[in-house]
Amino acid sequence: VDGRGDSTCSSAVTISAVGPLSGKISAGVLAEDGTTGLTLRADVVVDKINSLRIVTKTHELYREETPEKFEVRAYDEQGNEFSTVEGMVFKWNIEPTRTGVEILRFMPWAESPYNTEPFLEKIESEGKQGNKVLLEGVKTGSAKVTVRLVDTSNNVPPTSESLMVVANLFLVPPVAYILPGAKVKYTANQFRGNRMQAVTLPSPHHQLGVDSTGLASLDQETAT
């Protein structure tokens, strides 16, 4: 409850669902303005979680760059999204690749450049995970992240998303206009750890190609 000075009134309240739940129930919350007498009403619906879904801005992460935030959202049997799952404990896992190489890693909120929400800091300090996590690309490749509810009383299937980690690479020059018979030598720059690094081509980790072999040819040995 957020109070206003010495007044006994409050400007906000936090409501939590308590007790066992056998089905959908609803409750009304009333708030009255002590000055005008105006009464406001909000209906709160409590229901069982039927499914989960991971929400993210991208399925492609850059290696060794700023981590991306991943969030899990919950839905009822009709597909309606719950307003919040804040405070619930989840278990996030990164499924290993076939080669066993670590593609992704979780970054603690305390070490991140983001403004951390207080409840996430609290859950993390207890060695648990909440509805939001940070993932950082470690090596290029593909991996899968999975999340499930820790509360075993909710028989909710886990959900997962496939992710790709790529190098933040730029060809130099990015655009070239040349005469017939002329040649251009390519190099590359790569962002790693917020720093620009030069990449010499050809490279055993990168391969060049041309879209139209009728207009241009490529010498892989010299990157021209």
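This is a predicted model: local features need pLDDT of at least 70, side-chain atom pairs count only at pLDDT 80 or more; totals for chains, interfaces and linings use all residues.

Visitor: What is the strand order of the open sheet with E14 in it?

Guide: The order is E13-E14-E15, an open sheet of 3 strands with antiparallel pairing. Strand E13 (168–172) and strand E15 (195–199) each have a single partner strand and stand at the edges, so one side of each is left without a neighbour in the sheet. On average, neighbouring strands of this sheet are turned by 30° against each other, direction ignored.

Visitor: Staying with E13, is Leu171 buried, partly exposed or exposed?

Guide: Leu171, which has its place in strand E13, counts as partly exposed because its relative accessibility is 38%, a value that falls between the 20% limit for buried and the 50% limit for exposed.

Visitor: And what is Leu171 in contact with, leaving aside its neighbours within four places in sequence?

Guide: With those neighbours left aside, Leu171 is in contact with Tyr186, Thr187, Ala188, Leu201 and Leu208. For a sense of distance, the C-alpha atoms of Leu171 and Val18 are separated by 57 Å, the two residues being 153 residues apart along the chain.

Visitor: Changing topic, which strands form the open sheet of 4 strands?

Guide: That open sheet has the order E5-E7-E10-E9, and its pairing is antiparallel. At the edges stand strand E5 (51–55) and strand E9 (104–107), each with a single partner strand, so one side of each is left without a neighbour in the sheet. From one strand to the next, the twist averages 35°.

Visitor: How many bridges join E7 to E10?

Guide: Strand E7 (residues 68–75) is joined to E10 by 4 bridges, and the two run antiparallel; within E10, it is Val133 that Phe70 stands opposite.

Visitor: Is Glu136 buried or exposed?

Guide: Glu136, found in strand E10 (residues 132–137), is buried, because its relative accessible area is 14% and the cut-off for buried is under 20%.

Visitor: Which side chain makes a polar contact with the side chain of Glu136?

Guide: The partner is the side chain of Arg105, at 2.7 Å. Apart from neighbours within four places in sequence, the residues in contact with Glu136 are Leu61, Glu65, Pro67, Ile103, Leu104, Arg105 and Met107.

Visitor: What about E11, how does it pair with E8 and E12?

Guide: Strand E11 (residues 141–149) runs antiparallel to strand E8 (residues 90–95), with 6 bridges joining them, and the bridge partner of Lys91 in E11 is Arg148. E11 also pairs with strand E12 (residues 159–166) in the antiparallel sense, over 7 bridges, and there Thr146 stands opposite Ser160.

Visitor: Last one: what volume does the largest pocket have, and how many residues line it?

Guide: The volume of the largest pocket is about 1400 Å³, and 38 residues line the largest pocket, with Ala17, Val45, Val46, Asp47 and Phe82 lying nearest its centre. Strand E3 (25–32) and strand E4 (39–46) are the elements that give two or more residues to this lining.

Notes. Residues are numbered from 1 along each chain as its sequence is written. Side-chain values use heavy atoms; hydrogens and water are left out. Buried means under 20% relative accessible area, exposed over 50%, partly exposed in between (1.4 Å probe, protein chains only). A polar contact is a pair of N or O atoms within 3.5 Å; within protein, one must be able to donate a hydrogen and the other to accept it, and residues adjacent in sequence count only if both atoms are side-chain atoms. Contact means heavy atoms within 4.5 Å. Two strands pair if DSSP finds at least two bridges between them. Axes are lines fitted to C-alpha atoms, for helices over the stretch in contact, and angles run from 0 to 180 degrees between N-to-C directions. On a 1 Å grid over the protein atoms alone, a cavity is a set of points where a 1.4 Å probe fits but cannot get out, and a pocket is an open set with protein on both sides within 12 Å along at least five of seven lines; lining residues have an atom within 4 Å of a point. Grid points are joined across faces, edges and corners, and a volume is the space filled by probe spheres set on the points.
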